[in-house]
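Let's take a walk through this structure, from a spot on the inside to one further out. Have the model open as you read.

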Amino acid sequence: SAALGTVATSTIQEVLVVNVKAMKGTMFYGSDLLQQVLDNGLRYGAMEIFHRHADEDGEGPIIFSMANMLKPGTFDLKAIDDFSTAGVTLFLTLPVFDDNNMAAFDLMIATAKNLASALGGELNDENRSIMTGQTIEHYRERIRDFSRRQQLEKKR
């Protein structure tokens, strides 16, 4: 038998995406965006994007990440003052490190709402449609389904 002693990891993963889009005809500007992102506990890191870690000081496992909505999706901190974008994409990969998937999602949604309100943007779902209370509820249902599938997998 191969792979003796390896840790069994979940084979199921799901990615939840929330876009924060600048209002039509406007942009998010680098220095404003950076200030809000840092105020919301995200830190610049791997893959040249921002991450929200378990600890606000940027330590511990990543809970969710934020990329530039425009290709290639990265941020250049050295040129952030000259930077502008039509929006940012927050994404959360399930399962999170402590299986507290719903709390991780709530934190991501709260962060997205904070960014949208501070920068004058709107929340969009993964299809870039306006995110309503109903859409958020649909995401929560996906998380509950995911957790059920994960439980079933663990029982095998």
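Start at Thr-111, which is buried: its relative accessible area is 3%, and buried means under 20%, with exposed over 50% and partly exposed in between (1.4 Å probe, protein chains only). A quick note on what you're looking at: this is a predicted model, where local features need pLDDT of at least 70, side-chain atom pairs count only at pLDDT 80 or more, and totals for chains, interfaces and linings use all residues. Residues are numbered from 1 along each chain as its sequence is written, and side-chain values use heavy atoms, leaving out hydrogens and water.

Thr-111 sits in helix 2, residues 101-119; helices (H or I, at least four residues) and strands (E, at least two) are DSSP runs numbered from the N terminus. Leaving aside residues up to four places away in sequence, Thr-111 touches Asn-40, Leu-42, Phe-64 and Leu-90, where contact means heavy atoms within 4.5 Å.

Leu-90 takes us to the largest nonpolar core, which has 35 residues; Leu-90 is among those with the most contacts inside it, along with Val-20, Met-66, Leu-92 and Phe-105. Such a core is a set of buried Ala, Val, Leu, Ile, Met, Phe, Trp, Tyr and Cys residues joined through side-chain atoms within 4.5 Å. The largest share of this core, eight residues, comes from helix 2.

Now hop to Leu-77, in the loop between strand 5 and strand 6 (84-85). Leu-77 counts as partly exposed, at 34% relative accessibility. The C-alpha atoms of Leu-77 and Thr-111 are separated by 20 Å.
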